[in-house]
Each structure stands twice: as structure tokens, then as C-alpha cells.
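Please walk me through this structure.

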Amino acid sequence: MNCQEARRLIDSYADGELDAAGILELEKHLHGCPACALAFRNVQNLKKSLKQDSLFFTAPAELRQKLKAELRPQTESNRPFWTWNWFTAATTGVAVICLALLLSLTLTRPSPQQQLAQEIVSSHIRSLMANHEMDVASSDQHTVKPWFDGKLDFSPPVKDLASQGFPLIGGRLDYIDQRAVAALVFHRYKHVINLFIWPTDEKDSKSAARAPINGYHLIHWSQGGMTFWAVSDLNEKELMEFVRDFGPD
Amino acid sequence: MRVDKRERLKSFEQTVLPHLDAAYNLARWLAGNDHDAQDVAQEACLRALKFFGSFRGDNGRAWLLTIVRNTFYTWLRKNRSPENVIELGEEGLAVEDVTVNAEILNSQLADTESIRRAIEELPVEFREIVILREMEGFSYKEIADLADVPIGTVMSRLTRARRQLQKRLAGEFKPGAKP
């Protein structure tokens, strides 16, 4: 591989989008070519500085209010339809529900794991919608960890990963799989990561990505009698990075 | 009927509205100011609601951002003179062997304002790819779907955008010269 070719690949390499063969060849080249190695470091530095929070524009409250006002009348305006057409609607509704029940019982009964994953994603979305990401807001693990004491019958591991680009924002109590669980909240620029933790009888298992639900990525693992679920709208690769950084003790 | 509509609105609010920040951020970077960005983001959300029935995918954020992007380009054609739309040349991989002064570059990277300016000065087709990749973390494939261009184009635009950013930050960018 010559320098010209290498320069074309360093971006895909830095983005984790290069195929295995390309990685091997490029790494060999970078090893022996200081100029290309520098160009690669320049790309990495640029990428890092593009990810700062302060570059991200948050939607102004004004826009949210305008939208709310626009969305509300859309449901209100259709009142007359209801009385006019209620019988059709009701019978169709009943028919649809019967069919859906039948289908769900026979065809698409989700496994308990799938149900759990769905429950976790719902909980994640709820925390975002209600602007209720956390009960204790602190980037200090020594504040967050004791906060859980007395509220839970276990002590979840708490770490701040600010230096790895995933600052700890706080913690929250949540209710999943019919029990109280710990939720740790991390940020990656403006993306929120919820990490749910509770005790389990499961054997230790390596972290594995689950099929995304509604565009949210999920990674699950068990370790030392605790089960962990990380969920975020972050892409899978970066969420996996987070999991590795949080990683086994 | 009203119940259907309610359900639809509720589902819309759960699937799409959590991504309002992402929608505004993209609109803001594309339009360049708050006022226009709010218009574009609002219009996009209303369009999204209108077409919500046809939403089949599982990624509400990518879907909403696709609509933001389309809304922006429609708005751009209506509201700005065509001179401001920069036509990109052929999409060939004309990545030149650029090396920039790493010291100047790294000192500029610490300055948020310089970075902000450098991104704002990028042609809009480059700017959107940078936002989608670095701030939203989409994969090349997702960006290709979202911007309706081949993956090769995503790669070449991203590479050229980054070289241009580096040159601008290092003070070596000459407008008119090929990026």
C-alpha cells in the first residue's frame, strides 16, 4: 500500500468502517510511515473535537411550545367524527383487537428476553420524555453510589467514565421485571445512555448486542451476580465502547 | 376515528418527538441561524406527523432527520438565491495528499469558536455529512440512506470535508482551490 492509498482509507479506519483486510494493510503501512501516521492522528483529533457538547444546538423551549400548540388541535378538531361514526369504529376496533390477540397468541409471542428488552427500551424512552433522567444528579461516583443505599437491597457498581468520553450524569430508581433496579445515567455528547443494573442468578455472560428496538441499541451482560442492560440511541459501536469502558472490574 | 388519531399522535410523540433536539441541531447547522432553523424543524415535524402512517422503519431518529433534511432543501430553493447553493463537482475520489501543519491545527482544535466557524464555512453537502457522522454517530450506511446517496459518496464527502476543515483550521484553505 502506498501513501496515496493509505490517505484514502484513514477516515474509514478512524470511523471503524474499514473491512478487516483493509485494516491489516493500513495498519502495516501506518506502522512504517510516520507521515501517514500523523495524518491519521490528525483525523482522530479532529473527530474528537467535533464531538464536544458545546457544538450541539438544543431545541429552544419556544420551538417545543409552538409544536405542542400545533399538535393539540389535530386531535381536538375531529370530535364530530366520533359521534357520527362510533358504531363502525367500535366494531372495527373489536374485530382488530380479536385478530391482534389471536395473532399475538399464535404467531408472535415474544420470548421473555424480548419482553424484557422492550420493557427496558420503554423505560429508557420514558426517562427521556418526562425529562426525568435522574433522581440524584451528580458526576461524582462517591455521591451516586451511597445514594442508592437504603433504597435498594443491593449495591450497584458505579463508575464515572468522563475521561473516556462518557461522563456520569446521575442515578435513578426504576422498576423493571417486577423489581426495583438501579439506573445509571451517562452522556455521550447529547446522547443519553441508561445503564440498568439488578441482581441475578444468571451465570456470568459476555456483553452482547441485542436487536435494536425502535432504533435504540441494547447491550446486555451479567457479571458477579448482577445483570446489566445498556440502552441508548447511540450507534452500536460507540455503545459497545461504553460497555467495554464500564467493563468487568 | 378520534381514538385512532389520538393513538397515532401518541405513538408519534413517543417515536419521533424524543428526537426534537437532533432535528433542531441538524436544521440549525444547515440553515445557519435560529429563526430559519426553528421554521425548518417545525415544518419537518408537522410533515413527519402527516406521513407518520407510512413510517415502517424502526429508527425514528433517522426517519425524522431525513425529513428535516428534505424540508431544508425545499426551503433553501424557495428562500435563497441559487448562487448560494454550491454545486459539487464530480464525486470521484480526488483526495489529494494533503498534510497540514499539525501544530497549528491542534492548537485551533482546542478553540470551539474556530471549529464552529470552520464547520459553518463548509459547503452544505459536506456540512450535513459531518453533522450526521460526528454529532449523530450514524454509520456510513445509515447516512447513505438518509441523504439518498451511495456509500462511496458518503465516504468521499466525509474525507473531503475533513481535509477542508483541517485546512481551514490550519489557516491554509484557499477558496477556489480544490478541497
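Axes here are lines fitted to C-alpha atoms, for helices over the stretch in contact, and angles run from 0 to 180 degrees between N-to-C directions. Helices (H or I, at least four residues) and strands (E, at least two) are DSSP runs, numbered from the N terminus. This is a predicted model: local features need pLDDT of at least 70, side-chain atom pairs count only at pLDDT 80 or more, and totals for chains, interfaces and linings use all residues. Residues are numbered from 1 along each chain as its sequence is written, while chains are lettered from A and ligands numbered from 1 in the order in which they are written.

Start in chain B. The axes of helix 6 (residues 112-120) and helix 9 (residues 151-169) of chain B come within 9 Å and cross at roughly 130°. That makes helix 6 of chain B oblique to helix 9 of chain B (under 35 degrees is roughly parallel, over 145 roughly antiparallel, 65 to 115 roughly perpendicular, the rest oblique). B:Ser114, B:Ala118 and B:Ile119 in helix 6 of chain B meet B:Leu165, B:Arg168 and B:Leu169 in helix 9 of chain B; residues are in contact if their C-beta atoms, placed from the backbone, lie within 7 Å. The residues of this contact divide into four nonpolar, one polar and one charged. Ala, Val, Leu, Ile, Met, Phe, Trp, Tyr, Cys and Pro count as nonpolar, Asp, Glu, Lys and Arg as charged, and the others, Gly among them, as polar.

Next, take helix 2 (residues 20-31) and helix 4 (residues 60-79) of chain B. They pack at an angle of about 25°, with their axes 9 Å apart. Helix 2 of chain B is therefore roughly parallel to helix 4 of chain B. Their contact has ten nonpolar, no polar and two charged residues.

Now look across the chains. In chain B, 51 residues are in contact with 54 residues of chain A. Helix 1 of chain B gives the largest share of chain B's side, seven residues. That side divides into 25 nonpolar, 14 polar and twelve charged residues.

Finally, turn to the strands of chain A. Strand 5 (residues 205-213) and strand 6 (residues 216-223) of chain A pair in the antiparallel sense over five bridges; pairing takes at least two bridges found by DSSP. A:Ala209 has A:Ile219 in strand 6 of chain A as its bridge partner. The two strands form a hairpin with two residues between them, and A:Asn214 in the turn has a positive phi of about 50°. Strand 6 of chain A also runs antiparallel to strand 7 (residues 226-232) of chain A, joined by seven bridges.

Notes. Two residues are in contact if their C-beta atoms, placed from the backbone, lie within 7 Å.
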